[in-house]
Amino acid sequence: MRHRLKALAAAAASVPITLFGLVLVTFLIGRVMPIDPVIAIVGDHAPPDVMARVRLELGLDRPLLVQFGIYLNHLLHGDLGRSVMTSHSVVHDIKQFFPATLELAIVAIFVATVIGIPLGVLAATRQGSRIDTVVRVFCLAGQSVPIFLLGLLCLVIFYVKLGWAPGTGREDVIFAGTIPPVTGLLTIDTLLAGDWDAFHDALAHLAQPAGVLAYFSMAYITRMTRAFMLDALAGEYVITARAKGLSAARVVWRHAFGNISVRLVTVLALTFAGLLEGAVVTETVFSWPGIGQYLTVSLLNADMNAVLGATLVIGISYLLLNLLADAAYTLMDPRVR
Amino acid sequence: MLTRRHLLAATAATPLATIGFAGAAEAKTPRGVAVMAKQIDDIISFDPAEAYEFSNNEVDANVYRRLVAPDPHDNTKIAGDLAKSWTVSPDGTTFTFQLKTNARFPSGKAVTAEDAAYSLQRVVKLNKTPGFIITQFGFTKDNVDSLIHATGPHTLVLKLPAPQATSFVLFCLTANVGSIVEKATAVKHEAAGDMGNGWLKTNTAGAGPYQMVSWAASDHINMTPNPHSGIHVNTPRIVIRHVKDPSAQLLLLQKGDADIVRDLTPDQIKTVAADKNFHITQSPQGSSMYIAMNQTMPELAKPQVIQAIKWAIDYDAIAKNITPNSWVVSQSFLPKGLPGALTTEPFHKDVAKAKALMAEAGLKDGFACTMDYISAAPYGDIAQAVQADLAAIGIKVTLVAGEQKQVITKTRARTHQLAMLVWGTDYFDPNSNAQAFCANPDDSDNSKLKILAWRSHFVDKELTDMVTQATAELDAAKRVAIYTKMQQLSQERAPFAMLLQKISSAELGKGVSGFVIGPLPDYTKYAEIKKA
């Protein structure tokens, strides 16, 4: 246990170094991109004197290392700079865009976990059966169908044809700008505002994009659960448990699943982290104003403060989730205890 | 048989099912609200002294008013907006505007000549991106206070340091940068001498029919009527929703969750056109697609090669097969609709003629070059069509795809060979494009004018001089004649193959009418939008 805690502490200590590396690499990539960041601000038609002034204002005339030093200094003081695309501070933008993605990812990972793990266990315990085949095909489709196609299909079926779900966006136009942002999670904020209609509307808007992401994640979680379980069910300790006359449910859930749960935590943590940075296609199809869209638009417009800020937030999320997974290992792995 | 397991599973699934059904949408936009689905992630600032993108210029056109505006019945003529009347001194240097007395800001205060003077002064003093539209007349931070000033509550005098064509000056004042801001509001929110720029980036203070009440970047814009504007609006609330995906826009229109959609693809426009529930409104835009030929490449510098390329391209096939409903053939540097624009298209695909020109240039066996283009629809397909057309006359083109700003960066660095790009006119006067495509008085790296001619090393003294001559010509008819001549000369010898002109279209839902798309975003109006 002490050894494990030491490893955990070492992992935590490496976070600042990893973040520094992340910021440095992103910064350098931003500066060597074949896009002039000044054009992103002043446009193609601006006269040379305006472009020269903005170049000076951005500090782009200085050596690269000096520019990085200045950025780092501001960063340590909590200043991520100003986004040229939104005219707001990057901190303000992240507070606006990141919760939208977080809300989507939380619901998606919850649904994917609740359905994906039992499905994986079921398929593994019925290996080779029709149920197993159906689950495998279901997972294969979830992993191989392009997510934008799945999103559009959902919109056509559930929104256009059946009318069960609302269209794109986070909320209906009648609620636009009416809910004061507290947490940034619209479902929570609508509850805090005591507006039940807005809450229902937010939930309804969440269902489709979260459902699409959930299906995508569930396919992976189910596949991994099935593979882990098949491995575990073939273990000698499982045969021993069966030979001892334990019930099938006890063998599967207590002995086999108990053993794979540690590995599953890593799968879940990485899947969740993937949702935080990889939801951009879903966000585009469903006009969901999340961090993925923010990062993509910023990148295409060479809005480097925004790109660095968003990358940093996603990087921190990844590292934190990794740390959490490591901590969970420590708590769950009996060999460590 | 209902088992305990089934019951548990059904219970567990209930909350999920509720999510799907609870908010089942009523597929109608609310009464009194017009919902427009549009890509609006290009917005940087709403301050008229700074705004220079499509979406913010369009919003500003509905929340601000200018001294003058294009005549809605004939865009090539000028009509008064805030100005009731104006006079111009015989030497063309002094403009005196009499302002209307009934225009008011949302605060209830009347628009005064002092507001107008302050607005134009701050454009010059801030000198942001669109500032050159006003500063090109010779206004500087030091002289603008004395040259643009109010001589009475409703009288504004604007003196030019040098004579300029009257229509040139007036058309520049119709651009968004000529919008009148409420001085008191700007001063109230001034920080560190920014003349209210920081506040006006994300807020508005104009006398237009609407006011912007909220903006969430890449999400929505919410507009309500300016209660004091004196301009009737048919729809009390306009909501512009950021919907990037054209397919999603189409679905919203079909379900009735959007009244107007703006970014459909040509195929989707066809789908809408076939449905009698919807109708389409279109307007030619001041945006031109062209191929620039860098004159530092010896082959591309030969006049016969420039002509050969122009004769090799199948313009009609591109417009018909790749860009129906979105781009039309336009072979002059002035897009149709602008004063003085040519209406004839002299070039068509003539491979024999193009090959003869190549042979005349001593390049019978052709040559190889690269062509940079924007990696988005429809540019990729057009680039491939051009590649095939040029291959037919022996020019082997290697296509180089890039993000728009990447291609622009490369052409600004003058490192391209061929480059296919789009140029949008800055204001509704021929000088904007004439200067861009023809003027290059100094081809050095230190030039003060680094627009399209400079970027392709195109130096033509006659055309450069004609640009200056036209801006100083006080006789409107003579001025148009100069531009006609310039377009003909440009078609003969400029290293720009002008391809297409943008057609902007909007698709309107059932019972929606009155939406007017202007030839520039600065002229697009929402006040007449009406829902049955």
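## Domains of chain A

Chain A is divided into domain 1 (2–76) and domain 2 (91–332), with bounds that come from an automatic or database domain assignment. This is a predicted model, in which local features need pLDDT of at least 70 and side-chain atom pairs count only at pLDDT 80 or more, while totals for chains, interfaces and linings use all residues. Residues are numbered from 1 along each chain as its sequence is written.

Taken over C-alpha atoms, the centres of domain 1 of chain A and domain 2 of chain A are 31 Å apart. Their contact (heavy atoms within 4.5 Å) takes 20 residues from domain 1 of chain A and 19 residues from domain 2 of chain A.

## Buried area

Between them, the two domains of chain A bury about 1,600 Å², and 81% of this lies on carbon and sulfur atoms. Buried area is the accessible area (1.4 Å probe) that two parts lose on being put together, summed over both. Within domain 1 of chain A, the residues that lose the most area to domain 2 of chain A are Arg4(A), Leu8(A) and Tyr71(A), together 30% of what that side buries.

## The domain 1 side

Helices (DSSP runs of H or I, at least four residues, numbered from the N terminus) α1 (2–32), α2 (37–42) and α4 (64–76) of chain A each supply at least two residues of the side of domain 1 that touches domain 2. The largest share of that side, 14 residues, comes from α1(A).

Technical notes: Chains lettered and ligands numbered in written order. Heavy atoms only, no water.
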